[in-house]
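Residue names carry their chain letter throughout.

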Amino acid sequence: MNSVELTVNTRAVKRDVEPRTSLADLMRDTLDLTGTHLGCEHGVCGACTILVDGVPTRSCITYAVACDGADVTTIEGLDDDEIATELRAAFTREHALQCGYCTPGMLVSARDLVKRLPDADEKQIRIGMSGNLCRCTGYVGIVRAVQSVITERRARDIAPEPDGGRKVLGPAGSGHKACVSSQKLMPAQPAVSEPAAAVAPLDIPDFTPSTTLEQKFTVAHAPAKVFALFDDIAAVASCLPGATLVGTPRPERVEGAIRVKIGPISANFNGAARVERDEANLSGRILGIGSDQRSRSTTQGEIRYRLVPQDDGAATRVELSIGYSLTGMLAQVGRSGLVRDLAGRLVAEFAGNLDRRLSGDVTSAPSAAADLNGVSLILGLLRERATNVVRRLTGRGGSA
Amino acid sequence: MKPAPFAYERPRDVASALAAMAGDGVVKVMAGGQSLGPMLNLRLVAPDTIVDITGLAELKHVEVAGEELVIGACVTHADIEDGRIPDVTRGAMQRVASAIAYRAVRNRGTIGGSLSHADPSADWVSTFAALCATLSLRSAKGARLVAMKDFMLGALESVLQPGEMLEAVRVPVMSPSARWGYVKSCRKTGEFAHAIGAVLIDPEAGRARVVIGAVEAAPIIVDNAEELFGGRITNDFKSRFDARVADTLLSKAGMSDAADRHIHVTILRRAVAEAAA
């Protein structure tokens with residue numbers, strides 16, 4: 001527990017909090033100021049909007065420790081506020097609320113707009129209120145209420161304040177306790193340790209990938225040699241960035257994990273794979289499934305390969321088709337493109353590693369446990385590649 | 001929807017912040033926390049320690065140095081929107097800032113945090129690339145300058161090394177003859193952009209810099225965009241804009257969906273039109 005001092009609705013408050021406690025939770029759970037509502041808890045819905053140092057902030061994604069020394073005003077503190085009083089009357093008159101859940105956040109954002117906007121332009125009000133979601137009344141009454149208060153106040157010659165009254169730089173709430181000495185606040189309980197490895201799934205089901213990425217490259221080796229490499233599961237796994245194997249791999253069941261990192265997010269998918277080969281067509285596929293306990297996400301993936309003889313069998317074109325699907329928390333981030341970009345980079349690196357491995361360049365091969373961390377790694381590897389290899393990478397990852 | 005427990009450190013200056021970043025376990029720097037906060041709450045990120053740099057006066061410092069405006073990393077979008085810092089871009093940065101997310105987010109979200117997070121859809125990623133800005137990065141080993149166009153490597157990935165932080169953004173003074181256009185497409189106002197077009201066109205100098213952003217990867221930056229305008233940049237650049245060249249650029253960058261390309265090309269065309277207006 002760590003001590004935080006705030007001025008809340010003009011009252012000095014000192015409380016012990018965990019660093020992870022949001023300003024909203026401090027208001028609601030510790031100070032019983034339950035007028036601040038929590039909707040989405042990730043900064044989208046606006047229900048938790050409160051004033052910090054006089055300007056609106058999202059109290060669900062603002063941590064109390066980061067606002068040490070700040071001035072906080074919740075909806076309870078706006079009872080006698082002139083603009084808020086006018087807004088409450090206008091909300092009542094215009095039927096701007098029904099269930100009332102979004103209303104505290106709406107009033108705080110509306111009060112800020114009333115202060116800042118020069119006139120009651122409907123478009124500007126709609127843009128200004130776009131960060132507050134209402135799921136029952138709709139916005140017509142809310143917009144009308146805000147419009148009417150702005151119109152009345154401007155008619156009374158009350159000038160707008162475009163900066164909302166803020167005069168200092170930096171995040172609202174910050175800088176009050178610019179420490180004279182570095183302080184380290186410890187969490188109330190030790191941070192959770194890495195969860196135990198998940199048990200690999202029994203079944204490795206077939207699936208239809210939601211995303212498929214293609215890669216092609218040519219190596220100066222005979223198809224038979226290349227095909228043999230794809231039979232060496234450990235070798236293939238060592239080319240896959242972040243992959244590690246557990247136990248002895250057999251074609252019908254390979255157990256292991258793959259660790260991926262996208263910016264600050266990292267996931268460790270534990271799972272199993274099986275290998276299929278078609279010797280006659282020099283093709284095959286590796287099919288796997290894995291889950292990450294921390295993010296409660298599951299991924300399924302397949303690597304399909306086809307080898308095409310080139311130059312009368314002296315060289316081989318490797319055609320890779322890599323597909324995957326993702327479910328669970330990681331998939332719910334709603335930014336599938338970011339995952340696709342990561343997958344593109346992974347595939348490019350995998351292709352580069354395979355290519356190098358086939359060229360006999362095993363000395364500088366990356367350790368199997370190396371995490372993918374940025375394209376610099378890929379570029380570094382590609383630069384190191386043996387010069388006798390004719391390579392041609394196509395696709396998005398290759399241009400990275 | 002509550003973050004996993006973490007330790008919190010609020011250093012007194014940049015040097016002690018860098019020392020804190022070298023601490024044990026996973027250490028994450030936080031400024032306004034408007035990108036990191038949601039990820040912490042969703043437990044997509046669970047660092048051992050958060051280093052809060054918003055108390056550092058050095059990172060809120062702003063000055064015009066020669067032909068550049070140097071903006072500390074902890075300056076917020078609202079600081080720029082409200083004109084609390086000087087402007088060398090003839091209002092361009094102010095307009096971009098005013099359309100980032102929502103006011104409550106802009107009151108805490110910082111330029112340094114946004115760039116470090118390296119979200120392809122972030123406005124500053126494309127804006128600063130088009131404005132030819134340079135980033136000042138600092139680590140215990142010293143400072144280095146990286147051009148914005150070289151900063152991002154991919155979605156959420158930048159050249160920032162472990163133990164290194166973004167200290168300031170250096171924005172060059174915009175030439176009086178330069179024309180600026182910035183348009184983004186969001187499905188809902190304030191949400192992540194699905195397409196961004198940013199152009200800085202100087203017909204007098206015969207130069208145009210074009211950025212196609214929000215491509216779910218590092219932005220596509222065309223340093224000298226003559227090819228997009230039929231070979232040379234003149235005052236009639238708006239009518240010379242060649243959408244087919246833009247479409248080819250996107251195809252080459254791996255954007256296979258024709259509808260996605262169409263949206264990006266349309267947004268870029270609007271940015272060019274805005275620059276010509």
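A:S297 stands opposite A:G328, a residue of β13(A). The strands involved are β12(A) and strand β13 (residues 315–328) of chain A, which run antiparallel and are joined by 14 bridges. The model is a predicted one. On the other pairing, strand β11 (residues 283–292) of chain A meets strand β12 (residues 297–310) of chain A in the antiparallel sense, over 10 bridges. There, A:S291 has A:T298 of β12(A) opposite.

Both hairpins contain a residue with positive phi. Between β11(A) and β12(A) there are 4 residues, and A:R296 in this hairpin has a positive phi near 45°. The hairpin of β12(A) and β13(A) also has 4 residues between its strands, and here A:D311 takes a positive phi near 50°. A:D312 lies in the loop between β12 and β13 of chain A, with a phi near 55°, again positive in a residue other than glycine. As a general rule, most residues other than glycine have a negative phi. A:D312 counts as exposed because 6 other C-beta atoms lie within 10 Å.

A further case is A:T10, in the loop between β1 (2–8) and β2 (11–17) of chain A. A:T10 is not a glycine, yet its phi is positive, near 70°. With 9 other C-beta atoms within 10 Å, A:T10 is therefore exposed.

| Residue | Phi |
|---|---|
| A:R296 | near 45° |
| A:D311 | near 50° |
| A:D312 | near 55° |
| A:T10 | near 70° |

**Chain A overall**

The secondary structure of chain A consists of 9 helices and 13 strands. Chain A has 400 residues, of which 44% count as buried. Of its contacts with a separation of 6 or more, 67% are between residues 24 or more positions apart. The pLDDT of chain A averages 84, and 84% of the residues score at least 70. Over residues 363–400 of chain A the pLDDT is below 50, although this stretch has 90 contacts in the model beyond near neighbours in sequence.

A:T103 belongs to helix α3 of chain A. Why does A:T103 count as buried? It has 24 C-beta neighbours inside 10 Å, and the cut-off for a buried residue is 20 or more. A:T103 and A:D232 are 129 residues apart along the chain, and 62 Å separate their C-alpha atoms.

**Contact between the chains**

Chain A puts 67 residues into the contact and chain B 63 residues. On the side of chain A, at least two residues each come from β4 (55–58), α3 (103–116), α4 (122–128), β6 (183–185), α8 (336–358) and α9 (375–384). The largest share of that side is supplied by α8(A), with 6 residues. By class, the side of chain A that touches chain B has 30 nonpolar, 24 polar and 13 charged residues.

**Nonpolar core**

The largest nonpolar core has 191 residues, and those touching the most other members are A:L87, A:V146, B:V199 and B:A271. Helix α8(A) contributes the largest share of this core, 11 residues. In soluble globular proteins, nonpolar side chains tend to be buried together. Leaving out residues up to four places away in sequence, B:A271 touches B:G181, B:Y182, B:V183, B:G197, B:A198 and B:V199.

**Domains and a strand of chain B**

Chain B is assigned domain 1 (7–52), domain 2 (57–172) and domain 3 (179–276). Taken over C-alpha atoms, the centres of domain 1 and domain 2 of chain B are 19 Å apart. Between these two domains of chain B, 12 residues of domain 1 are in contact with 19 residues of domain 2. Helix α1 (residues 14–21) of chain B gives the largest share of the domain 1 side, 4 residues. That side of domain 1 of chain B divides into 7 nonpolar, 4 polar and 1 charged residues.

Strand β3 (residues 49–52) of chain B has B:T49 and B:V51 pointing one way and B:I50 and B:D52 pointing the other way, all of them buried. Side chains of a regular strand alternate between the two faces of the sheet. Strand β1 (residues 7–10) of chain B runs parallel to β3(B), with 3 bridges, and B:Y8 has B:I50 as its bridge partner. Strand β2 (residues 27–30) of chain B is also parallel to β3(B), with 4 bridges; B:M30 stands opposite B:D52.

Definitions and conventions. Residues numbered from 1 in each chain as written. Chains lettered and ligands numbered in written order. Predicted model: local features only at pLDDT ≥ 70, side-chain atom pairs only at ≥ 80, totals over all residues. Domains from an automatic or database assignment. Contact = placed C-beta atoms within 7 Å. Nonpolar A, V, L, I, M, F, W, Y, C, P; charged D, E, K, R; others polar. Pairing = 2+ DSSP bridges. pLDDT = per-residue confidence, 0-100. Buried ≥ 20, exposed ≤ 12 C-beta atoms within 10 Å, placed from the backbone. Core = buried A, V, L, I, M, F, W, Y, C linked by C-beta atoms within 7 Å.
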